[in-house]
Amino acid sequence: MRYQGDGIGEPTLAVETVVETVRSLEPLVLSLLVVAVVALLLGGWWLVRWLRRPPGSRLRRLLGRYDEVAVVMHPNPDPDAMACAMGVAEIASSVDTDATLQFPGEIRHQENRAFRTVLGLDLERIEAASELAADAIVLVDHNTARGFTGAQLVEPIAVVDHHPGNGTGTEFTDVRTDYGAASTIVAEYFDDLGVATDSSDDGDDPELSSELATGLLYGIQSDTNYLTNGCSQAEFDACAALYDGVDEDLLDRIANPKVSDDVLQIKAQAITERRIEGPFAVCDVGTIANVDAIPQAADELMHLEGVTAVVVYGEYDGTLHLSGRSRDDRVHMGETLRHAVSDIPMANAGGHARMGGGQVSVDHMEGIGPSGGVDRAEFEDRLFSAMAGNRQ
């Protein structure tokens, strides 16, 4: 019963009208609500998948946005750097992106020359940023461009590296300092993309050819001293994955190149003229014509019985080139070298726990600039002191 005229029944009528309207819309509202919830769930699922894409997939997608890229290695590239460049170039090729492999410096070490020749690598040497083949730059096996004029202005779109440092790519950065080699990272990219060593090229996916598999395996071996120095589990896993695709003949030709006479002489000099204090050895091999002989001489000194850490240095074109090796848990070689040159202007050094390197201007070491200067004997004392942990 509804009351008329006194306004009492009007609110009741309004409520009933609203209820009837809501009831009439209820199926549509529920349908829209269900659709919204489903869309939200699907959107969240795709977002999670997008964020969790493996690095290899993300790099490939990035490379596919460019017509051409320059894959730049560090100065005087070694097998690890060259193998990384090979892998990135193959991923770029799979998305129709032209990749040019470039490097500053020289390739002098016989192992590095053999790697390039045996695998038939097409590499371009550059001296200035103006010679870079593309505006889009990918840095491999280092995270800050160096070694050529204008390098400090280069902003790479991507960085793939295993060395400590603050360099990053504007769109992609994959720096894993716990890995023993950058080639391990690139090998994992092919696993991310579902490419196996026995797969054939279907035109859409990258191809892990025998040359590339061999190069990546040797890149890992060379940077970890044949899986004996600075390895993580990832290195062993990557080598196992690459093994079936490796060409043993190519591997042997790279691993056993001819050694030049000057390199043998410097190795012999390092052994016969080394200075030893306790478990540490240091040797000045004097003026040299081939700086790549320095790290090889350091490797030779590490074979001496009772020696656990060594530094070899020599002068080339007014610069002292240092190379250190350590199998002593008390000696972080990268930090040792960095500390030994820390107050010498225009000097730089660093590296990993097991190996490191550096360059020191001879003029600045002898007193040009704000420092008082040090002679060779004092410099060697610094090296021994730093290896012994005396850094106050």
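**View 1. L139 stands opposite V159 in β5 of a predicted model.** Two strands count as paired if DSSP finds at least two bridges between them. Helices (H or I, at least four residues) and strands (E, at least two) are DSSP runs, numbered from the N terminus. Helix α5 (residues 182–192) packs on the sheet and touches β5 and β6. The direction of α5 makes about 115° with that of β5. Such angles run from 0 to 180 degrees between N-to-C directions, with axes as lines fitted to C-alpha atoms, for helices over the stretch in contact. Contact means heavy atoms within 4.5 Å.

Residues are numbered from 1 along each chain as its sequence is written.

**View 2. Six strands form an open, parallel sheet.** The strand order is β3-β2-β1-β4-β5-β6. β3 (123–125) and β6 (172–175) stand at the edges. Each has a single partner strand, so one side of each is left without a neighbour in the sheet. From one strand to the next, the twist averages 25°.

**View 3. β7 and β8 form a hairpin.** β7 (residues 275–277) and β8 (residues 280–287) pair in the antiparallel sense over three bridges. R275 has V282 in β8 as its bridge partner. Two residues lie between the strands. In the turn, G278 has a positive phi of about 65°.

**View 4. β8, α10 and β9 make a right-handed β-α-β unit.** The helix, α10, covers residues 293–301. Right-handed means that, with the strands pointing away from the viewer, the path from the first strand over the helix to the second runs clockwise. β8 and β9 (residues 309–316) run parallel, joined by six bridges. V282 is paired here with V311, its bridge partner in β9.

**View 5. T224 is found in the loop between α6 (210–223) and α7 (233–242).** T224 counts as buried because its relative accessibility is 0%. Buried is under 20% relative accessible area, exposed over 50%, partly exposed in between (1.4 Å probe, protein chains only). The T224 side chain reaches the backbone nitrogen of L227 at 3.0 Å. Leaving aside residues up to four places away in sequence, T224 touches G180, N229, C231 and E235.

Technical notes: Predicted model: local features only at pLDDT ≥ 70, side-chain atom pairs only at ≥ 80, totals over all residues. Heavy atoms only, no water. Polar contact = N/O pair within 3.5 Å; in protein donor to acceptor, adjacent residues only side chain to side chain.
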